Amino acid sequence: MALLPIDKGELYYEVSGKGYPVLLFAPGFLSSRIERWRSNPSKPGLPQAWRDPIPVLEPHFTVIAFDVRNAGQSWAEIGPDYDWHSYTADHLALLRHLGVSRCHVMGGCIGVSFAFALEEAAPGTVSAQVLQNPIGLSDTNRAAVDEEVAQWADKVGQRPDVDPALLKAAGERMFAGDFIFSVTRDFAGRCNVPSLLMPGDDTMHPVTVSADIARLTGAEVLSPWKGPDHRDAAVERTRDFFLEHTPGASR
């Protein structure tokens, strides 16, 4: 458990296990934080539809988990240029701080957007990626996306140091586009990172977006993967996929 100073803020992170590094981008939209692998605060007492990957990966990998800026125990100033690149700069700073030049990545929900943005900003950083339940824009969910952004802004806006106008502009800027918001379909089609996709099937995680990712990247698709009948096999496939694609590992 540690805090990393970032540009006008701090990033909370945890490192466990030993071996080739795996960076985890937790689910939870812009409130992405470590605990969301294990539980959903809006549904107390109910297990997640997936298994927490951390204890499954720790025996084989160095697992790097963290709260993104302005979520959980991490915080950062909301400035006039706050955007996806602000998050990616944090992620690269964390990897540099830990001496990691290349790693596997697992992203849940918005974590898929963070994963693609990381590879776009620093090509070659991601050696393999597991993409679980990607968020994205469909023909019917713009209102739902805007509501998620508004809920995040309401929470962050309670801080006395936050300018409401800058906060509102940041949310609008980050989610003005389409697809998975952080990168274009063109980049996804050019991204040659080995990928395992666990597709979404609801309003915030549209079937159409996952289908586009599968088509553009040639990802291995694992479905079904959610719920008590499938989540154990899904996290085990995640572990095995990463082992198969670890540089230098014997096949």
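User: What share of the 251 residues of the protein chain counts as buried, and what makes a residue buried?

Analyst: Here 55% of the 251 residues count as buried. Buried means under 20% relative accessible area, exposed means over 50%, and partly exposed is in between (1.4 Å probe, protein chains only). Keep in mind that this is a predicted model, where local features need pLDDT of at least 70, side-chain atom pairs count only at pLDDT 80 or more, and totals for chains, interfaces and linings use all residues. Residues are numbered from 1 along each chain as its sequence is written, and side-chain values use heavy atoms, leaving out hydrogens and water.

User: Why is Phe175 called buried?

Analyst: Its relative accessibility is 2%, and the cut-off is under 20%, so Phe175 counts as buried.

User: Where does Phe175 sit, and what is it in contact with?

Analyst: Phe175 is in the loop between α5 (164-174) and α6 (185-190). Helices are DSSP runs of H or I with at least four residues, strands are runs of E with at least two, and both are numbered from the N terminus. Contact means heavy atoms within 4.5 Å. Skipping neighbours within four places in sequence, the contacts of Phe175 include Phe29, Trp84, Ile110, Arg142 and Phe181.

User: What makes Asp83 buried?

Analyst: Asp83 has a relative accessible area of 18%, which is under 20%, so it gets the label buried. You'll find Asp83 in the loop between β5 (75-76) and α2. Beyond its neighbours within four places in sequence, Asp83 is in contact with Arg173 and Met174.

User: Why does the radius of gyration agree with a compact globule?

Analyst: With 251 residues, a compact globule would come out near 18 Å, and the protein chain has 17 Å, so the two agree. The radius is taken over C-alpha atoms, and the globule rule is 2.2 Å times the number of residues to the power 0.38.
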